[in-house]
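Please keep the sequence and the structure in view while reading.

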Amino acid sequence: MQDSIFDQYIKKRTPIIKNKKILQNTYLPEQLPHRAGQIDKIASIVSIALEGDRPSNIMVYGKTGTGKTAVLNFIGKELEKADSRRERCGYVYVNCEVVDTPYGILYNIGNQITVESDNKIPFTGWSFEKVYSNLVKQIDDTDKVFVVVLDEIDRMVSKKGDDIFYYLAKINENLKRSKVSLVGISNDMKFLEFLEPKARSRLGGESLIFPPYTADELEDILKSRAEIAFDNDTLDGGVISYCASVAARVDGDARVALDLLRTAADTAERNGDSRVTIAHVKSAKNSIEFDAVSEGIRTLSSQSKIVLMSITKNVEADNPRMTTGDVYNKYKEICDVLDIKPLTQRRVTDLISELDMMGIINASVRSFGRAGRTKEIELAAPKENIMILRDDPMFKDFEYSKSPRQMKLM
Ligand SMILES: Nc1ncnc2c1ncn2[C@@H]1O[C@H](COP(=O)(O)OP(=O)(O)O)[C@@H](O)[C@H]1O
Ligand SMILES: [Mg+2]
């Protein structure tokens with residue numbers, strides 16, 4: 001007798017991953033191999049919070065997947081453990097990519113500190129000044145030392161939120177009893193350069209770099225994860241080192257390594273295979289590469305899509321390495337055809353930098369003697385992947401129409 005129409009499908013799947021959570025990026029492992037140096041350094045700075053003193057601010061730099069978030073959350077857990085008896089400090093974590101407005105950041109910090117619902121900052125509606133002074137009061141009332149981690153801090157600035165860092169960095173001047181120490185995490189080494197000088201000098205403190213992992217280091221990281229996620233003998237020999245070597249080539253990114261292993265194991269499960277093989281990893285590699293780029297492109301703003309389209313049009317017109325001016329000319333033509341008001345060249349230059357940061361294009365500054373400096377721009381991701389732009393509804397009619405200027409040329 002059949003209990004459910006789904007039974008037959010469920011039984012067909014042989015679960016080979018013991019615990020899926022362990023292979024996810026949000027899982028915080030008990031041990032973080034190859035980050036002992038960084039953990040020591042941060043712990044030695046932060047430790048004085050346990051004595052009620054204010055640690056210096058810290059800036060942490062490193063490309064994605066170098067363990068920055070994991071290390072700081074590990075430190076936060078340890079700090080809370082060490083402080084559980086005396087309750088002298090607090091750990092607050094905010095991801096500025098998710099919480100991406102100055103108001104949102106203050107709201108988020110406030111609500112991690114205060115539990116009583118009477119004092120809570122409302123989700124929206126107050127002025128920035130009111131939220132700020134309310135937060136100052138809440139922090140001071142607790143009489144504690146807070147370590148406030150602002151993760152992905154560089155994403156916030158590219159959305160023009162500089163002064164939030166200025167306000168947070170000078171918050172100690174407004175506190176009488178409590179103290180706040182800031183840890184900024186940035187994927188971009190140039191983060192401080194982009195800040196207003198007044199915020200920069202206040203945020204400054206210790207800085208720490210997380211280098212990309214080598215293939216061997218990634219192998220250790222994957223092994224320790226795989227030991228708890230799989231039964232013995234589920235992974236074919238070579239699977240882990242293959243994942244590690246692929247990820248080492250992608251900027252030593254541990255996230256890529258884990259994504260590969262997880263996707264490969266998922267594929268094996270779905271196929272009803274009992275072991276994960278290198279073939280599964282290879283197919284995972286193809287789907288992940290495609291996904292990352294296409295997802296990035298799909299979620300671009302309309303203006304950025306037009307900028308990217310302008311770059312691909314230049315490539316198609318036998319101009320694989322172009323200047324900002326080349327992009328801007330094409331950009332104006334496309335805006336013309338789509339009947340969209342073009343942005344200034346300066347704004348388009350900003351959008352080009354964003355595409356560069358996303359890894360979709362490469363833009364490097366070149367000097368052309370007396371002609372001055374300009375950017376040299378080329379596609380970074382494979383053109384086939386970028387071509388999903390063609391399917392975007394906003395360009396539906398574009399391929400078939402020609403701008404007046406192009407017609408004249410023909
Ligand atoms: N040294 C390490 N040991 C174990 N897992 C790690 C280590 N470094 C990174 N990871 C894992 O890799 C993934 C990406 O790390 P994360 O801390 O999010 O990187 P970042 O914040 O630098 O982008 C997470 O799942 C994390 O648990
Ligand atoms: Mg992170």
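In this predicted model, the side chain of His280 reaches the backbone nitrogen of Thr277 at 3.0 Å. Residues are numbered from 1 along each chain as its sequence is written. Local features need pLDDT of at least 70 and side-chain atom pairs count only at pLDDT 80 or more, while totals for chains, interfaces and linings use all residues, and side-chain values use heavy atoms, with hydrogens and water left out.

**His280**
- His280 lies in helix α13 (residues 278-298), helices being DSSP runs of H or I with at least four residues, numbered from the N terminus.
- His280 counts as buried because its relative accessibility is 8%, the limit being under 20% relative accessible area with a 1.4 Å probe and protein chains only.
- Leaving aside residues up to four places away in sequence, His280 touches Ala264, Thr267, Ala268, Asn271, Asp273 and Arg275, where contact means heavy atoms within 4.5 Å.

**Lining by helix**
- α10 (215-229) and α11 (239-249) each supply at least two residues of the lining of the second largest pocket, a pocket being an open set of points on a 1 Å grid over the protein atoms alone, where a 1.4 Å probe fits, with protein on both sides within 12 Å along at least five of seven lines, and lining residues having an atom within 4 Å of a point.
- With 4 residues, α10 gives the most to this lining.

**Confidence**
- The protein chain has a mean pLDDT of 86, and 91% of its residues reach 70 or more, pLDDT being the predictor's confidence in each residue, from 0 to 100.
- Over residues 400-410 the pLDDT is below 50, and this stretch has 9 contacts in the model beyond near neighbours in sequence.
- Where pLDDT is low, the predicted coordinates should not be read in detail.

Methods: Chains lettered and ligands numbered in written order. Buried < 20%, exposed > 50% of the residue type's maximum accessible area, 1.4 Å probe, protein only. Polar contact = N/O pair within 3.5 Å; in protein donor to acceptor, adjacent residues only side chain to side chain.
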